[in-house]
Amino acid sequence: MLKFNRVLDRWLTVTTAAAIIVMMVHIVTHALVRSIFHAPIYGTNEIVEYWYLPIVALLGIPAAQLQKEHITVTMAVERAKPATAAVFTVFACLLGALVSLAFAWFGLTKALQNTAIRSTADVSDVITWPVYYLVPIVFVLLAVLYVLDVVAILRRRTTGGEGQ
């Protein structure tokens, strides 16, 4: 499970960094070509808005979960006994997994609707429907990460780890 987390974390980091770099190169090239040749790259704003930014923002969600860098409120858990804290944490993870699956389902229905109409970006011909599939993929992945956290907590509790 640790190897899976490391590989996934590396993949998310590299993919997000690549998207940011490609976005920056695209924007700078667009600005230079527009200024020097008075011929902007068609659809740059739409590509940034509908492709690059969703990729960067959505891939950051599971990355934050993997790196334990999400916002947590530990006031109740810190004051509880280890067994009680584990129960609260398991409950929170399961709730997070259920909410993530709900977001994935909603995202999938939207992605299918956008595929059916072959959606494009506002008034341009830049296609946008494929990026909508990133929402269900990311949130299913997040649900899996929550379930893996539950498994890790339960393993620690049964093997006499943390707090025993």
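**The pocket and its surroundings**

Modeller: This is a predicted model. The largest pocket has a lining of 30 residues, and Lys68, Thr89, Cys93, Asp149 and Ile153 are the ones nearest its centre. Two or more lining residues come from each of α1, α2, α4 and α5.

Biologist: Which element gives the most to the lining of the largest pocket?

Modeller: α5 does, with eight residues. The space in this pocket is about 960 Å³. By residue class, the lining divides into 17 nonpolar, six polar and seven charged.

Biologist: How should I read a phi value?

Modeller: Most residues other than glycine have a negative phi. Lysine 68 has a positive phi, near 55°. Arginine 118 also has a positive value, with phi near 50°. Arginine 118 is in the loop between α4 (82–116) and α5 (134–158).

Biologist: Which residues touch the most other members of the largest nonpolar core?

Modeller: Leu8 and Leu12 do, in a core of 21 residues. At least two core residues come from each of α1 (2–37), α2, α4 and α5. α5 supplies the largest share, 10 residues.

Biologist: Beyond its neighbours within four places in sequence, what is leucine 8 in contact with?

Modeller: With those neighbours set aside, leucine 8 contacts Leu66, Leu141 and Leu145.

Conventions. Residues numbered from 1 in each chain as written. Predicted model: local features only at pLDDT ≥ 70, side-chain atom pairs only at ≥ 80, totals over all residues. Heavy atoms only, no water. Helix = DSSP H or I, 4+ residues; strand = E, 2+ residues; numbered from the N terminus. Core = buried A, V, L, I, M, F, W, Y, C linked by side-chain atoms within 4.5 Å. Buried < 20%, exposed > 50% of the residue type's maximum accessible area, 1.4 Å probe, protein only. Contact = heavy atoms within 4.5 Å. 1 Å grid on protein atoms, 1.4 Å probe; cavity = no way out; pocket = protein on both sides within 12 Å on 5 of 7 lines; lining within 4 Å. Points joined across faces, edges and corners; volume = space filled by probe spheres on them. Nonpolar A, V, L, I, M, F, W, Y, C, P; charged D, E, K, R; others polar.
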